[in-house]
Amino acid sequence: MSSSSTQKLDTFLQHAGLADFDPVTGAAPVALPSVRTSTVRFKNLAALDKAQAAKSDLRLRSTTYGRGGMQTHAALEQVFCTLEGATQALLSSSGMAAISHAMLALLSQGDHVLVSDNVYGPVRYLEKTVLSRMGITCTYSPACPDALRERLRPTTRMLYVESPGSLLMEMLDLPLLAQFAREHNLLLVTDNTWGSGYIYRPLELGVDVSIVAGTKYIGGHSDLMLGAVMSAEPELDRILFDNHYALGHSVSADDVWLAVRGARTLPLRMRESAANALQVCDFLSRRLEVVRLFHPAWSQDPGHALWQRDCTGSNGMLSVQLNLSAVQARALVDALTLFGIGYSWGGFESLVQYVDPGVLTGHTYWQGAQHSLLRLHVGLESATDLIADLQQALDVAARH
Ligand SMILES: *Cc1c(COP(=O)(O)O)cnc(C)c1O
């Protein structure tokens, strides 16, 4: 599955964020320290003036105050830029903060946004509580040009999507959406948490802004919250930078340090989770209760061809549509012993989420109103053990 581009990333990630050599001893720690500081001290005013002047060029990443982050932050920004093929990465305290940063930076009063109806749920909450109050309206739509075209308004400014979508891993045709966005003068913004820059690179497929919740696969150990907004055009870089500064986004150096450490093993963890997930798919596909599997790397998934065309790998996310009642599906979840019951994904451990049917009503891609849906994050446990756990839990559900 590894292409030459992922091989380059594998090597880069092992060398990202190395500390500089001490000019006297010629030595350096292998692991960059967590540079915790609330402000920056200058040798003299000339040095401070030089740092202030350098701020006009974003490439120089000049820092005069702690909020901007020092070497540890610069290392993680470089990780995100290299993964995503971006010229700028701006960090936030969570994935959701990164989403709200991008929206608030790029939208103004009176603007209209087309939003794919498969997006991460809290995006709808952002609209309800914040964007609507600012006179920004959203229309949720299937993410195909025909449906989007019908919903265009003269004030439409942005197309906001997520590929693959959060609950059903619905693959979107990003190059086609990019063409649509260009034709209608819209900014195309995508949530790339699934790919996290390693297996899917939206900016190279024509997307303007890519957002990643580093909380998931980048951190990879379920021990930090972090988000990032990536762009690759000077004008967008500047707008996003200025708004990030004005809104006061800042991340603890310790969390940034953990994210850099996590990123080193991103390729290994994603590959192992992806291999385990395919084994789980293979087992589930033989069970009579299973109506359909949602996992783009699975050959029966409707998005498989797009996945083959646009992605260089997969991960541990899959959903399973079950011909079970809500009571049976809930009994199945309760019977699992290796899958933790909880939200989130991208960590080392397996998780299961019983997807409330109400959450799915806004998703056009969901055609299973009479069935139950479970979302699994397949982690790094032995696939054999995970399959045995699923088998006994399915048997428990069948007895209900
Ligand atoms: C988790 C998640 C987010 C939000 O990230 P947080 O760090 O939890 O705020 C955004 N998008 C997707 C697709 C996610 O899975």
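**Pro164 and its loop**

I looked up Pro164 and found it in the loop between β4 (156-162) and α7 (174-183). The peptide bond that joins Ser163 to Pro164 is cis, with omega at about -15°. I note here that the model is predicted.

I then went to Met169, which lies in the loop between β4 and α7. Met169 is not a glycine, yet its phi is positive, about 50°. Is Met169 buried or exposed? Met169 is buried, with a relative accessible area of 1%.

**Asp173 and its partner**

I checked Asp173 next and found its side chain in a salt bridge with that of Arg309, at 2.7 Å from N to O. Asp173 belongs to the loop between β4 and α7 and Arg309 to helix α11 (residues 304-310), so the pair ties together parts that are 136 residues apart in sequence. Asp173 counts as partly exposed at 21% relative accessibility; the cut-off for buried is under 20%. Arg309 also has a value in the partly exposed class, 48%. I followed the shared partners and found Asp173, Arg309 and Asp310 joined into one network of salt bridges.

**The loop between α2 and α3**

I turned to Arg61, which sits in the loop between α2 (45-54) and α3 (71-84). Arg61 has a positive phi of about 45°, although it is not a glycine. I recorded Arg61 as partly exposed, at 25% relative accessibility.

Which residue forms a salt bridge with Arg59? I found Asp237, with 3.0 Å from N to O between the side chains. Arg59 is in the loop between α2 and α3 and Asp237 in helix α8 (residues 234-247), so this pair ties together parts that are 178 residues apart in sequence. Asp237 is buried at 0% relative accessibility, whereas Arg59 is partly exposed at 48%.

**Other salt bridges**

I noted a total of 12 salt bridges in the structure. One of them links Asp10 and Arg271, whose closest N and O atoms are 3.3 Å apart. Asp10 lies in helix α1 (residues 4-15) and Arg271 in helix α10 (residues 266-285), so the pair ties together parts that are 261 residues apart in sequence. I looked up the accessibility of both partners: Asp10 is buried at 16%, and Arg271 is partly exposed at 37%.

**The ligand**

I listed the residues around the ligand and got 14, of which Gly95, Met96, Asp191, Thr215 and Lys216 come nearest. Which helix gives the most residues to this shell? Helix α4 (residues 95-106) does, with three. By class, the shell holds six nonpolar, five polar and three charged residues.

I looked at the ligand's oxygen atoms next. An oxygen is 2.8 Å from a polar backbone atom of Met96. I also found an oxygen 2.5 Å from an N or O atom in the side chain of Thr215, and an oxygen 2.6 Å from such an atom in the side chain of Lys216. The ligand taken alone exposes 380 Å², and the protein buries 93% of that.

**The sheet**

I traced an open sheet of five strands with mixed pairing, in the order β8-β9-β12-β11-β10. At the edges stand β8 (290-294) and β10 (340-341); each has a single partner strand, so one side of each is left without a neighbour in the sheet. Within the sheet I checked β11 (residues 351-354) and β12 (residues 372-377), which pair in the antiparallel sense over four bridges. Val352 stands opposite Leu376 in β12.

Definitions and conventions
Residues numbered from 1 in each chain as written. Predicted model: local features only at pLDDT ≥ 70, side-chain atom pairs only at ≥ 80, totals over all residues. Heavy atoms only, no water. Pairing = 2+ DSSP bridges. Helix = DSSP H or I, 4+ residues; strand = E, 2+ residues; numbered from the N terminus. Near = heavy atom within 4 Å. Polar contact = N/O pair within 3.5 Å; in protein donor to acceptor, adjacent residues only side chain to side chain. Areas by Shrake-Rupley, 256 points an atom, 1.4 Å probe, with all protein chains shown as cover. Nonpolar A, V, L, I, M, F, W, Y, C, P; charged D, E, K, R; others polar. Buried < 20%, exposed > 50% of the residue type's maximum accessible area, 1.4 Å probe, protein only. Salt bridge = Lys/Arg side-chain N within 4 Å of Asp/Glu carboxyl O.
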